[in-house]
Amino acid sequence: MNAEELEAELTPEEKASLTAGGDVWRLPPIERLGIGRLKMSDGPSGVRGGQFGTRRSLSFPCGMAAGSTWDLDLIRRYGEAVADEAISKGVHLVLGPTVCIPRTPLGGRTFESFAEDPYLSARVTAAYVAAVQAGGVGCCVKHFACNDQEHERMTISAEVDERTLREVHLPSFEAAVVEAGAWAVMSAYNRLNGTFCGEHPELLGGILKDEWGFDGVVVSDWFGTHSTVEASTAGLDIEMPGPPQYLGPNLAEAVKQGSVDTGVVDEHASRIARLMERTGLLAGRVVDDEREDDDPQRRALARELAAAGTVLLRNDGLLPLAGDGLRRVAVIGPNARALQTGGGGSSVVVPFRHQDLVDELRDRLPGVEVVHEEGCRLTKDGTLPTLDMRLIEGGFRTEYWPNTTHEGEPLAAEALGRAEYIALGDPAPGVGIDNFSLRSTTTFRPDTDGTWTLGLASVGPSRLLLDGEVVIDNTRPERAKSFFGMGSTTVTAEVELSAGTAHELSVELTSSPAPVNGFRVDADRPAVPDALGRAVAAARDADAVVLVVGSNPHWETEGVDRKGLALVGEQAELVRAVVAANPHTAVVVNAGAPVDVAPAEGAASLMMLWYPGEEGPAALAEMLVGTAEPSGRLPITFPHRIDDVASHTDPTWYPGAGGKVRYGEGVFVGYRHFDANGVEPAFAFGHGTGYSTFDIGDLRVDGSGTDRTVALRVTNTGERRGAEVVQVYVAAAGTDAPAGIDRPAKELKGFAKVVLDPGESTDVRVALDHRSFARWDVDSHDWVADSGTYDVLVGVSSRDIRQQTSITA
Ligand code: BGC
């Protein structure tokens, strides 16, 4: 059956039923016609599958790391791998990529986005979406539009003028739709100029569907639908999750009442049928069983991406670590052994592996002593770290009963891949979310002697047993913020444990009448007396130091913005002390967005690793020893101070006031603001160094009018094979733009990543077109390239221009 045949067969009620989720992740089936359930899953850095915490899947680098690669061929391979991951989980539509433009580095989801620059973000978006979809899996590009902060994310109105919207905040979505033919778009939670994005006629109907010719479906963000008539007629095709509150049967009723036209539902159904055909659902691609495909090729790609997305901000000859003098390396920092693979929130996937940087480095530095010190801990507001999966054997073996008393035979069993389990929807076939109990057991082998603090939080009543003894009784849970506000406080207990001794650890959980259920087991290692002093001593005694600091999913997550740029906890003090003790230090920042790197001032090397996915530790070890090159370039400006960022000029611009946030900086987002106001960044947009050096010469711009080709020659002048990213910026300084229209000093309009051997040269050609020179004109509502002189600037960052010329267009 194809889409048209399906449409012809569907009754009006069946058509309406497809406009809302049947459960948390799937549309309802049409059993009469043998049509299965269309399944969606997050996204964006890997594909999780139906539940949080159960099936493992490959954890890829975060969006900022992908944006840092500036390598569209690699991004295409990434998209292909994501399609394969989705197929292994029976997923038809991946909820990603996240393509909003971060106006502030403090946004809780900045790590998910690709870039502060609309051109770079649009290029990465188009390459990724096209590749995922070529694999037969849809992308639901999110969050449309201006979901740029977590503060009041469900309600805030982004107040944005037309030109800013078109030039900065929409191009990534436009490229996804017009160039890559995206099959779905997710409407954002927030309002845009007063109207919820999920019921915004101009945004969904006008721009997306009419102007861009979008033929896919608009899916609401989860619980982000607010009406039946307004949403449906504005162009929202699917309300998620189910059970439906506004669309689905409510829409059928609205049609009966005459408040929605039948044609509106036909249109939704036609789009949904097309999605079902595109994703193979109509041809029978329905797999309820989620596979764990631990594929070596995809794993190798994740490692390649992690290195290609790491930005070497500074390197005074320390890296790659080598040489006969290297006898002892100290690996220090809270994120060294507990390297964070991803940020928090809906993007979390359960990785296949938990690599350890110390082991990875030892393997690659035979004969060198590698020692470790934590230096400090990264705990937030008294929160404990979730139990480190490297300390447990065989996952959490979990049995489910279809009653709240653990009575009779369990109906289902599986192994959970992490110590945080969240059930959104029924935990297993035949086991209802509101009437079940589970027992989850694992073997826990502590790696340190002393007093451990264990913690347990859950939605329903729960207990934690150690070797059969109840150590935590949470059977009368006290409400707190965990589990989307439905969970309990974390109840703790201190236990004396010895390193290397195996213990049986079990959790017993009983469901409570909530749409979400779950538990989380925390375990904090014994406090290390004088952790900072020990780290300093280790640094002093080492020939080189690798200091890994940063953030984690408690601090950097969907739902909350960060409070500031400073490294959290005692990390700034740790960095200063270690660098003072031994300047032969490579500071590695393992976080999803810019942080204040001033404490690393005297360190020989500084690297932005981002959240690199599960192959991060191996990739980092390879970069440290030089078998891989960190070849990323910054997709976002690193400011010295948060006040240097445009949106922080005024509190009504960020975080907003009275339910509104005014995009007062207009088109001057990111480096455009730093350029316009002469503000010095800590590290500029586009910056990054590597293990070789390059020369850029022979700049020529061919063609006429706005149809141009930039040609230049790049030579590797160093002693190693290495990568360079050539960046082409256009400045509209000498044009006859109407008075009152400020154009940025320069804007990125092209780039090319080249990899060359020592002494090798190559000719690079970058195409420019009308859009490279144009601005959005609010009178004609169209792109206009003013006539006059434009400068074409070629460089290796927005602040390091190596060649330039002028052309007349
Ligand atoms: C997020 C979306 C996500 C959805 C489903 C929402 O909270 O904003 O990005 O796709 O949940 O997990």
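1. A polar contact is a pair of N or O atoms within 3.5 Å; within protein, one must be able to donate a hydrogen and the other to accept it, and residues adjacent in sequence count only if both atoms are side-chain atoms.

2. Before going on, a word on the source. The model is predicted, so local features need pLDDT of at least 70 and side-chain atom pairs count only at pLDDT 80 or more, while totals for chains, interfaces and linings use all residues. Residues are numbered from 1 along each chain as its sequence is written, and side-chain values use heavy atoms, with hydrogens and water left out.

3. Which residues come nearest to the ligand? Of the 13 around it, they are Asp42, Arg109, His143, Asp221 and Glu558. Being near here takes a heavy atom within 4 Å. His143 places a polar side-chain atom 2.7 Å from a ligand oxygen atom. For Tyr189, an N or O atom of the side chain is 2.9 Å from an oxygen atom of the ligand.

4. Next, the helix pairs. Two packed helices are described by the angle between their axes and the distance between the axes. Axes are lines fitted to C-alpha atoms, for helices over the stretch in contact, and angles run from 0 to 180 degrees between N-to-C directions. Helices (H or I, at least four residues) and strands (E, at least two) are DSSP runs, numbered from the N terminus.

5. Take α4 (residues 72–88) and α5 (residues 118–134). Their axes come within 7 Å and cross at roughly 35°. The crossing of α4 past α5 is right-handed, meaning that the near helix is turned clockwise from the far one by less than a right angle. On the α4 side, the contact (heavy atoms within 4.5 Å) includes Leu72, Ile75, Tyr78 and Val82. On the α5 side, Arg123, Ala127 and Tyr128 are among them. By class, the α4 and α5 contact has ten nonpolar, one polar and three charged residues. Here Ala, Val, Leu, Ile, Met, Phe, Trp, Tyr, Cys and Pro count as nonpolar, Asp, Glu, Lys and Arg as charged, and the others, Gly among them, as polar.

6. Helix α12 (residues 296–308) packs on helix α16 (residues 616–625) at an angle of about 50°, with the axes 9 Å apart. That makes α12 oblique to α16; under 35 degrees counts as roughly parallel, over 145 as roughly antiparallel, 65 to 115 as roughly perpendicular and the rest as oblique. This crossing, too, is right-handed. Arg303, Ala306 and Ala307 of α12 meet Ala618, Ala619, Glu622 and Met623 of α16. Five of these residues are nonpolar, none polar and two charged.

7. Are α14 (residues 531–540) and α15 (residues 571–581) roughly parallel or roughly perpendicular? Their axes come within 8 Å and cross at roughly 30°, and α14 and α15 are therefore roughly parallel. α14 passes α15 in a right-handed crossing. Leu532 and Arg540 are among the α14 residues in contact, and Glu573 and Leu574 among those of α15. The α14 and α15 contact has eight nonpolar, no polar and two charged residues.

8. Last, the backbone. Most residues other than glycine have a negative phi, and most peptide bonds are trans. Check these spots against that background. The Met240 to Pro241 bond is cis, with omega near -5°; Pro241 sits in the loop between α9 (229–234) and α10 (249–257). Leu319 and Pro320 are also joined by a cis peptide bond, with omega about -10°. Pro320 belongs to the loop between β9 (311–315) and β10 (328–332). Cys146 is not a glycine, yet has a positive phi of about 60°. Its loop runs between β3 (138–144) and β4 (157–159).
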